[in-house]
Amino acid sequence: MSGTVLIGGGTGFIGSHLTKTLTGLNYVVKVVSRMPGPHNISWHDLSSKGLPQDTVAVINLAGQNVMDFKQRWTAGFKQNIFNSRINTTAALAKAIDKAIVKPKAFVSMSGVGIYKPNPKAEYNECSKVEAFDFFSKLVLEWEKATTLESTELKKQCRVVSIRSGVVLGRNGGMIKQLYLPFFLGLGGPVGNGSQYLSWIHIKDLVDLLIFSIQNNKVEGVINGVAPETCTNKQFSDAFAKALKRPAFLPVPSIVFSLILGSERAKMITTGQKVLPTRTQELGFKFSFPDIQSACQNIVKAL
């Protein structure tokens with residue numbers, strides 16, 4: 001496959017890595033963004049002019065950062081989070097509906113927040129899901145927004161939703177927030193650290209996105225999480241060990257509740273064990289299947 005890949009919200013942490021890799025594979029990358037640029041189009045242009053010529057795949061990464069510590073957890077901020085994901089996904093789906101020549105694939109991110117935190121449950125892509133809080137409702141509506149108008153369109157353009165875990169990489173996401181305290185020897189687990197942390201290395205997520213647009217068998221929901229799950233404490237120990245630092249200072253869960261609000265803090269203080277069962281059945285191979293190798297790679301690149 002060659003041609004143009006259109007990325008919604010492609011200027012952030014994941015998007016910058018994805019753009020670099022796609023460019024190296026000789027794709028032309030166009031980004032739908034609010035920011036002007038030589039390789040960017042605006043959301044207004046997308047609505048009025050449609051998909052760029054020769055678009056072979058559409059990927060949506062757009063969305064307000066949920067874990068922006070500077071933003072208070074207000075009704076307005078929650079609405080921004082909701083709109084920034086659902087509206088952009090729906091806008092891309094509408095552009096695909098209107099295109100005379102359809103792209104081969106439409107891939108959208110969603111999240112493991114659709115699975116209810118439970119210390120004993122094990123989830124995969126076949127697990128029953130339903131709305132139980134803000135984040136699960138968000139994911140359900142997010143994935144629903146990928147729907148194309150007709151069955152005939154779906155035959156022409158595969159639709160994929162990747163339910164991603166926490167993305168680990170050296171220049172963004174959770175690692176960017178945690179690097180300094182861990183480097184200073186002030187890192188440690190959240191609470192008792194027993195909660196599961198569903199995660200994926202940035203390289204594996206980028207590879208999974210490309211795998212999804214290139215592999216005609218990939219369709220529907222797949223979990224974007226590493227196959228070897230870990231707890232919050234196991235992650236803290238692995239990251240501290242890679243940095244050659246101690247990790248014995250647990251952070252009480254109430255600290256995150258005070259900073260982020262109790263609803264949002266649950267993303268850190270609770271967790272779920274999510275497996276990439278269907279992802280692996282489709283033939284995807286992880287470069288970093290365990291937290292030790294992932295942390296070693298990230299620290300080596302810092």
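Mentor: What follows is an account of the aromatic pairs and the residues that form them. The model is predicted. A pair of aromatic rings is described by two values, the distance of the centres and the angle of the planes.

The structure holds 10 aromatic pairs. One of them joins Trp73 and Phe135: the ring centres are 5.8 Å apart and the planes meet at 20°, so this pair is stacked, because planes under 30 degrees apart count as stacked. Trp73 sits in the loop between strand E4 (55-60) and helix H3 (75-98), while Phe135 belongs to helix H4 (residues 134-144), so the pair ties together parts that are 62 residues apart in sequence. Trp73 has 17% relative accessibility and therefore counts as buried, since the cut-off for buried is under 20%. Phe135, at 8%, is also buried. Trp73 and Phe135 belong to one aromatic cluster together with Phe77 and Phe134.

Now take Phe182 and Phe239. Their ring centres are 5.2 Å apart and their planes are at 55°, so this pair is tilted. Phe182 is in helix H6 (residues 173-183) and Phe239 in helix H8 (residues 232-243), so the pair links distant parts of the chain, 57 residues apart. Phe182 is buried, with a relative accessible area of 2%, and Phe239 is buried at 0%.

A ring can also have a charge over its face. Here Arg245 lies over the face of Phe183, at 4.4 Å from the ring centre.

Technical notes:
Residues are numbered from 1 along each chain as its sequence is written. This is a predicted model: local features need pLDDT of at least 70, side-chain atom pairs count only at pLDDT 80 or more; totals for chains, interfaces and linings use all residues. Side-chain values use heavy atoms; hydrogens and water are left out. Rings of Phe, Tyr and Trp (its six-membered ring) pair if their centres lie within 6.5 Å; planes under 30 degrees apart count as stacked, over 60 as edge-to-face and the rest as tilted. Helices (H or I, at least four residues) and strands (E, at least two) are DSSP runs, numbered from the N terminus. Buried means under 20% relative accessible area, exposed over 50%, partly exposed in between (1.4 Å probe, protein chains only). A charge sits over a ring if NZ of Lys or CZ of Arg is within 6 Å of the ring centre and within 35 degrees of the ring normal.
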